[in-house]
Amino acid sequence: MTAEEKLEVMRSGKWHYGMDPGIGEALRPARVLCHEFNRMNPELEDERHAIIKRLFARIEEPFILQSPFYCDFGTQISVGRNFEGNFGITILDEGPVTIGDNVFIGPNVSIYTIIHALTPKQRNEGLMHSKPVMIGNNVWIGGNAVILPGVTIGDNAVIGAGSVVTRDVPPSVLAVGNPCRVVRDITSADVVSDDEIVEFS
């Protein structure tokens, strides 16, 4: 089986032995690009953006991504417009990770797509499979949250800081906790009134 065929099995979600040398070699380009990005002067915005565009399958301008940032392949990550990613984000993209427009991700958030076998023998042999993660438009994920494999987060949802998201989150809700649960809908009552806002002149 060719290296590309092995990667296609990995992306498909089928159980496979992920410690295969071909898959290990495919991790190398992303490690090099992440290292280059993480050591680059933050003032070199154009150069930093160029690295992320090489790393990701797709990312649309404008976007902000702070360093450090870590991922496994990068080629499985697709991001829409107006993305803001804070310090210390990790995306393990053995499966596809799709992020919509206007998404805010707080510091030290982790997004995982990989699932290892539960039994020690098979886990030690490298048996694993992936499930995709989908994050809708206008989503805010608070700092230190963990998004587990197979999760879909609906449009306009807010995930509280420190949450562990183990199942799908519907649109337009506030969800918090470990495991993450819906607390309530986000409604017009959450709109900040004009008289509370300080305008910078």
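**Entry 1: Ser110**

I began with Ser110, which counts as buried because its relative accessibility is 12%, below the 20% cut-off for that class. I note here that the model is predicted. I placed Ser110 in strand β10, which covers residues 110-112. I then looked for polar partners and found a 3.4 Å polar contact between the side chains of Ser110 and Tyr112. I also listed what Ser110 touches once neighbours within four places in sequence are set aside: Thr90, Ala145, Val146 and Ile147.

**Entry 2: the nonpolar cores**

I looked up the largest nonpolar core and found 40 residues in it. Phe69, Ile141 and Ile153 are the members that touch the most others in this core. I checked which helix gives the most to this core and found α3 (residues 28-38), with four residues. A separate core has five residues, including Leu7, Met10, Leu27 and Phe73.

Not counting residues up to four places away in sequence, Ile141 touches Phe104, Ile105, Gly106, Val109, Ile135, Ile147, Ile153 and Ile159. I note that Ile147 is also in the contact list of Ser110.

**Entry 3: the sheet**

I traced an open sheet of three strands, ordered β1-β12-β11, with antiparallel pairing. β1 (16-17) and β11 (114-116) are the edge strands, and each has a single partner, so one side of each lacks a neighbour in the sheet. I looked at how β1 is held to β12 (residues 127-130) and found two bridges, with the strands antiparallel. For His16, I recorded Met128 as the bridge partner in β12.

Key
Residues numbered from 1 in each chain as written. Predicted model: local features only at pLDDT ≥ 70, side-chain atom pairs only at ≥ 80, totals over all residues. Heavy atoms only, no water. Pairing = 2+ DSSP bridges. Core = buried A, V, L, I, M, F, W, Y, C linked by side-chain atoms within 4.5 Å. Buried < 20%, exposed > 50% of the residue type's maximum accessible area, 1.4 Å probe, protein only. Contact = heavy atoms within 4.5 Å. Polar contact = N/O pair within 3.5 Å; in protein donor to acceptor, adjacent residues only side chain to side chain.
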